[in-house]
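Have the structure open while you read.

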Amino acid sequence: MAVLSKLEPKPVFDYFEKLCSVPHGSGNTRQISDLCVSFARELGLRWRQDELNNVVIWKDASPGYESAAPIILQGHMDMVCVKTEDCPKDMAKEGLDLVTDGEWVWADRTSLGGDNCIAVAMILAILADNTLPHPPLEAVFTVDEETGMDGAFGLDCSDLKGRKLLNLDSEEEGVFTVSCAGGVRLDCVLSGTQEKLAGECGYTLTLSGLLGGHSGAEIHKGRASANQTMGRVLYSAMERIPGLRVADIRGGRFGNVICPLNQAKAAVPADRAAEFEAFVREFDGVLKNEYTGCDDGITLTCEETALDSALSRGDTARLLRTLLAIPQGVQAMNVDFPGLVQTSLNLGVMGMEEDGLHINLSVRSCIATQKEMMVQRVAAIVEQGGGTVSRSGDYPGWQYARQSVLREDILAAYRAVSGQEGRIEATHGGLECGLFIEKIPGLDVVSAGPELHDIHSPLEKLGVASTRRVYEMTCELLRRSR
């Protein structure tokens, strides 16, 4: 029996479970894209699939709505694949193991991918419902949103006729997003050459137990970045124990995830080994004190390990000085939307390669000039350290529109199904809406979604009752769109 078979709305959770049965991490979307195409075929609907794996599905208006303007319903198919340290699942090859208590849905020891497959599931359920009155529908399912919005960047929108777009990629029920941050990815390389050890003792340092989370939605919560913190640990160790040499430092898989785990390898003079071990124990206490209440599980450990080589002392000092100087987290708060992060930076991925340390950073801001300022700052720091910086995945922000018919319509629909008033907000997260606005002149856009907590982490969970209300709200919006 399907795990979610008793949940309502049944069609939504049936589709969601089918989507979760195939791997669909960013960059690995062919199976889920083909699955969406197979659903369109089964429903007898017109569809298009492009070379990037984006899928567009059209459904004609129901009787009485033939003259209504089309509405675009949109979500992305890819997910951020994160798992616990003890999870054996190969998320590149296997689907998810879903769990529910009737109130929430989650995945066993992995992220759920409710961001954003619940949107795809709701839209498919709407397309499959031949009893629902609706205008012409254009369902747009994009790929690789989580790694730079490559699907939306490459999507041909010339055959889309709708000028109203409901994006279902938000994570708080009753909060309707009308503006979002723009972003850019920075790929940095700090050169370094490995040299043979000269009798030093080798150690593996592990920084674990961190919550991590979404670098847009959770960046303001004060959670530690294992990447940034490990740089601080090693710099402090180098100050205490001159002669320390870094052999490796790596953590993170995604630029838009606050890194929860980092492992580094370092060599220290043999006669300072006991002092190094004492330093690690001491700094573990420092971190536990600093992150009490937001990352209570943070743990720093070390163990002896065999090493053949490490960076020179000079390269080590240059690299660690640069890591210590690179900013992390919130850089500015928004004045117009109290509590909203305006500008931030996340050191999401790092790893030592043959040519040196590779670092991936995600910069976000709803102010384009502040985004550029952060790019300048990182470039100045990295280049001062002898490194190089390149940029990619540069996507626009979404500016608040003072007039929006769709915004008023969806607030009315939510009020009708929930009895509650919705809230209009902006988000520091990145959404594809800005790209669609650039591609489709005059587009009216709102983003909504059900309750999703701790996205991009193994703690991610989806609210069942909230999913029902958001689905009913979307159906009500369509009924009203004559």
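Two strands count as paired if DSSP finds at least two bridges between them. Keep in mind that this is a predicted model. With that rule in hand, let's start with the sheet and then move to the helices.

**The sheet**
- There's an open sheet of 4 strands here, running in the order E4-E5-E25-E24 with antiparallel pairing.
- At the edges sit strand E4 (98-100) and strand E24 (452-453), each of which pairs on one side only.
- Strand E5 (residues 104-107) pairs with strand E25 (residues 461-463) in the antiparallel sense, over 3 bridges.

**Helix on sheet**
- H11 packs on this sheet and touches E4, E5 and E25.
- The direction of H11 makes about 55° with that of E25.

**Helix on helix**
- Helix H11 (residues 464-479) also meets helix H9 (residues 405-418): their axes come within 8 Å and cross at roughly 125°.
- H9 and H11 are therefore oblique to each other, and their crossing is right-handed.
- On the H9 side, the contact involves Leu406, Asp409, Ile410, Ala413, Tyr414, Ala416, Val417 and Ser418.
- Facing them from H11 are Arg469, Glu472, Met473, Glu476 and Leu477.
- Sorted by class, the contact of H9 with H11 has 8 nonpolar, 1 polar and 4 charged residues.

Terms used: Residues are numbered from 1 along each chain as its sequence is written. This is a predicted model: local features need pLDDT of at least 70, side-chain atom pairs count only at pLDDT 80 or more; totals for chains, interfaces and linings use all residues. Side-chain values use heavy atoms; hydrogens and water are left out. Axes are lines fitted to C-alpha atoms, for helices over the stretch in contact, and angles run from 0 to 180 degrees between N-to-C directions. Helices (H or I, at least four residues) and strands (E, at least two) are DSSP runs, numbered from the N terminus. Angles under 35 degrees count as roughly parallel, over 145 as roughly antiparallel, 65 to 115 as roughly perpendicular and the rest as oblique. A crossing is left-handed if the near helix is turned anticlockwise from the far one by less than a right angle, and right-handed if clockwise. Contact means heavy atoms within 4.5 Å. Ala, Val, Leu, Ile, Met, Phe, Trp, Tyr, Cys and Pro count as nonpolar, Asp, Glu, Lys and Arg as charged, and the others, Gly among them, as polar.
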